[in-house]
Amino acid sequence: MAKALLAAVVAVAAVLEHGLVGANFQDQCDITWEPQNAKMTEGGNHLTLSLVSNSSGCMLRTKKQFIYGSVSTRIQLVKGNSAGTVTTYYTSSIGDKHDEIDFEFLGNSTGLPYTFHTNVFADGVGSREMQFRPWFDPTDGYHNYTIFWNPCMIVWFVDSIPIRVFRNHEKEGVPFPTKRPMYAFSSIWAAEDWATQGGRVKTDWTKAPFVAEYRDIGLDVCECPGSSSSSSTSSGPGTGDTEDPSCAQRCATSDHWYAAAGLCKLSDKQLRQMKAVQLGYTIYDYCADAKAKGRAVPPECSMPQY
């Protein structure tokens with residue numbers, strides 16, 4: 001039994017390391033905003049989302065709602081002058097006090113690097129941003145982005161390298177998403193008032209449409225069929241109670257692959273990779289910012305995250 005468990009943990013770690021891809025956008029997802037700006041080809045394995053104007057972007061949402069698991073896709077970000085554009089890949093519940101785990105990719109002028117923006121909301125409380133410069137050109141080919149979420153922690157992976165961990169310190173009073181089913185979303189939208197250099201650089205609309213390309217989507221999750229918000233047509237946070245206690249309880253049990261004991265922390269290799277990224281490429285950390293500006297420091301900043 002011990003050998004079987006060890007083999008399962010090793011296999012799961014290998015899957016996480018390489019990302020979970022291969023599912024089909026056409027079968028797994030709906031276009032919930034501006035469907036005329038989305039295009040699926042190759043039988044639904046290839047997707048483009050286009051930003052056409054200041055008010056006309058595009059959004060995709062998975063059909064499944066879930067609590068815990070891994071969601072993954074490969075993205076080629078907008079080429080050239082992408083200033084003022086935001087491309088996203090994230091998970092979110094629907095309703096008041098929503099939960100959300102974000103990857104947002106903030107565009108820039110031609111030749112300047114993107115900003116990778118990460119955040120987590122729990123019980124409607126966010127403002128836990130960390131931002132990074134990529135160590136590669138995210139517009140040159142496809143790169144894998146994975147969100148791993150289990151009862152212990154949330155991990156953001158880029159090309160199988162963990163860039164950030166947010167650990168569950170709910171027992172110490174720090175909100176952590178545990179009870180609201182989420183969808184996975186992808187979108188592109190205009191945010192020239194803040195996205196690029198604090199809004200100083202505006203979008204050059206003569207370059208529109210701005211196109212982000214996606215390949216494959218991996219959903220290895222604990223599904224919550226029939227959840228209270230499943231029938232909602234909203235594409236983002238709205239009104240209503242979206243907690244699903246029965247699904248939350250079922251998905252938190254230890255018999256799920258993501259709840260294996262070995263997945264409550266990073267491997268030694270992953271920890272080294274993450275520390276190297278954070279040392280060399282972090283450009284904003286909400287904990288460091290609060291300390292530097294003399295503001296109240298969130299309690300989790302003094303708690304272990306990995």
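Is Cys152 buried or exposed, and at what relative accessibility? I found 19%, so Cys152 counts as buried (under 20% relative accessible area; exposed is over 50%, partly exposed in between; 1.4 Å probe, protein chains only).

Notes on the source. I am working on a predicted model, where local features need pLDDT of at least 70, side-chain atom pairs count only at pLDDT 80 or more, and totals for chains, interfaces and linings use all residues. Residues are numbered from 1 along each chain as its sequence is written, and side-chain values use heavy atoms, with hydrogens and water left out.

Disulfides next. I searched the whole structure and got 4 disulfides (cysteine sulfur pairs within 2.5 Å). In sequence order, the bonded cysteines pair 1-6, 2-5, 3-4, 7-8.

I looked up Cys152 and Cys264; their sulfur atoms are 1.8 Å apart. This pair links distant parts of the chain, 112 residues apart: Cys152 lies in the loop between β10 and β11, Cys264 in the loop between α3 and α4. (Helices are DSSP runs of H or I, at least four residues; strands are E runs of at least two; numbering is from the N terminus.) Cys264 is partly exposed at 23%.

Cys222 and Cys251 came next, with sulfurs 2.0 Å apart. Cys222 sits in strand β14 and Cys251 in helix α3. The link is left-handed, at -80 degrees about the S-S bond. Cys222 is buried at 2%, and Cys251 is buried at 0%.

Then I checked Cys224 and Cys247, whose sulfurs are 1.9 Å apart. Cys224 is in the loop between β14 and α3, Cys247 in helix α3. I noted -75 degrees about the S-S bond, left-handed.
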